[in-house]
Amino acid sequence: MSVGHLHGGRMEVAGDPPSRRLGPVQPGRPQPVLAGGPSTVPAAELRDAAVEVGGRVIWSGLDLTVVPGELVAVMGPNGAGKSTLVKVLLGLIPLSAGEARVLGRPPGKANQQIGYLPQRRSFDPGLRIRGVDVVRLGLDGDRWGAPLPLLARLSGRRRAQDARIGQVLRLVGAAGYADRPIGRVSGGEQQRLLIAQALVREPALMLLDEPLDSLDLPNQASVAALIHRISRRENVTVVMVAHDVNPILHYLDRVVYIAAGGAAAGTPDEVITTATLSRLYGTPVEVLRSMDGRLVVVGGPQAPALHSDRHAVGTSAGTGAR
Ligand SMILES: Nc1ncnc2c1ncn2[C@@H]1O[C@H](COP(=O)(O)OP(=O)(O)OP(=O)(O)O)[C@@H](O)[C@H]1O
Ligand SMILES: [Mg+2]
């Protein structure tokens with residue numbers, strides 16, 4: 001593979017031996033991940049990671065360290081393997097090469113501390129379940145956590161849960177419509193309720209797969225601002241798949257850009273550049289900055305103009321992630 005990787009501000013060229021290796025795992029407790037590295041346990045760490053689905057390599061050579069508290073975007077065109085990366089972090093898809101650690105543990109072992117928003121959610125307009133009940137599922141009914149025992153439901157735990165649900169509903173601005181059926185609120189309102197569901201358990205890490213999907217531009221901006229506010233107020237690390245970097249550009253600490261079977265990770269200034277994306281795509285790609293500060297990617301096989309689909313207005317100022 002001829003793709004370079006940005007790692008810690010230094011460009012790593014594929015084929016180089018990984019400069020650092022993950023330390024040994026001791027089950028049951030978070031471990032400092034890097035041998036001889038910093039004492040803070042990274043929220044997620046991948047070293048020279050590759051993944052195969054259906055016998056095909058989706059991406060390889062991915063090096064990434066997510067520092068606790070960071071807001072990280074995963075970007076790239078359709079089918080590049082963004083959701084696959086999220087599923088790797090959840091332990092749902094194994095790596096075919098390399099190493100991964102999530103919250104200091106092997107992927108899948110720390111899912112109780114992860115809030116997950118899957119891609120492409122939709123609710124039937126006839127669905128009677130209320131928004132507040134959808135949020136509650138994040139606490140006691142979903143597939144990521146064990147149901148609470150009956151006695152606990154009847155005790156003060158239930159009141160504590162109600163208080164927490166009220167808190168997150170206020171935080172996401174959904175208190176006013178949380179009692180309505182989820183199928184009868186707008187897409188943006190559903191998105192806020194689902195973010196509340198992912199947040200309600202007080203996760204250390206939130207994995208949000210396209211949380212801005214299907215939102216109009218004002219809603220993209222306000223949900224992006226909400227996610228940033230959550231990451232700061234609740235001290236939660238956020239890894240989010242994004243189609244367009246612009247709504248989140250000012251909030252991002254790090255970007256992982258996946259394309260053409262390779263990946264580059266680093267700050268937005270390191271990754272979303274003509275040089276890095278051209279190298280990643282293996283063809284000339286130009287990153288332009290418009291007068292209002294928005295980034296536009298032009299040229300190459302994945303130019304935004306070729307991907308103007310369900311984000312008809314926003315795509316022209318996107319970064320080629322579709
Ligand atoms: N179960 C599967 N079997 C075979 N191939 C799969 C399977 N799941 C996903 N893939 C393929 O893996 C590749 C990466 O899929 P993934 O869903 O991670 O892409 P993505 O970057 O999230 O795309 P999108 O922007 O459309 O959401 C795609 O080519 C997809 O077709
Ligand atoms: Mg996806």
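Colleague: Which residues does Thr65 touch, not counting those up to four places away in sequence?

Modeller: Two residues are in contact if their C-beta atoms, placed from the backbone, lie within 7 Å. Thr65 touches Pro42 and Glu45. This is a predicted model: local features need pLDDT of at least 70, side-chain atom pairs count only at pLDDT 80 or more, and totals for chains, interfaces and linings use all residues. Residues are numbered from 1 along each chain as its sequence is written, while chains are lettered from A and ligands numbered from 1 in the order in which they are written.

Colleague: Why does Thr65 count as buried?

Modeller: Buried means 20 or more other C-beta atoms within 10 Å of a residue's own, exposed 12 or fewer, partly exposed in between; C-beta atoms are placed from the backbone. Thr65 counts as buried because it has 22 C-beta neighbours inside 10 Å.

Colleague: Where is Thr65 found?

Modeller: Strands (E, at least two residues) and helices (H or I, at least four) are DSSP runs, numbered from the N terminus. Thr65 is in strand 4, residues 56-66.

Colleague: Which helix gives the most to the shell around ligand 1?

Modeller: Shell residues have a C-beta atom, placed from the backbone, within 6 Å of the molecule. Helix 1 (residues 82-89) gives the most, with 3 residues. The residues around ligand 1 include Lys82, Ser83 and Thr84.

Colleague: How do strand 12 and strand 13 pair?

Modeller: Pairing takes at least two DSSP bridges between two strands. Strand 12 (residues 286-289) and strand 13 (residues 295-298) are antiparallel, over 4 bridges. Arg289 has Leu295 in strand 13 as its bridge partner. Between the strands of this hairpin lie 5 residues, and Gly293 takes a positive phi near 90°.
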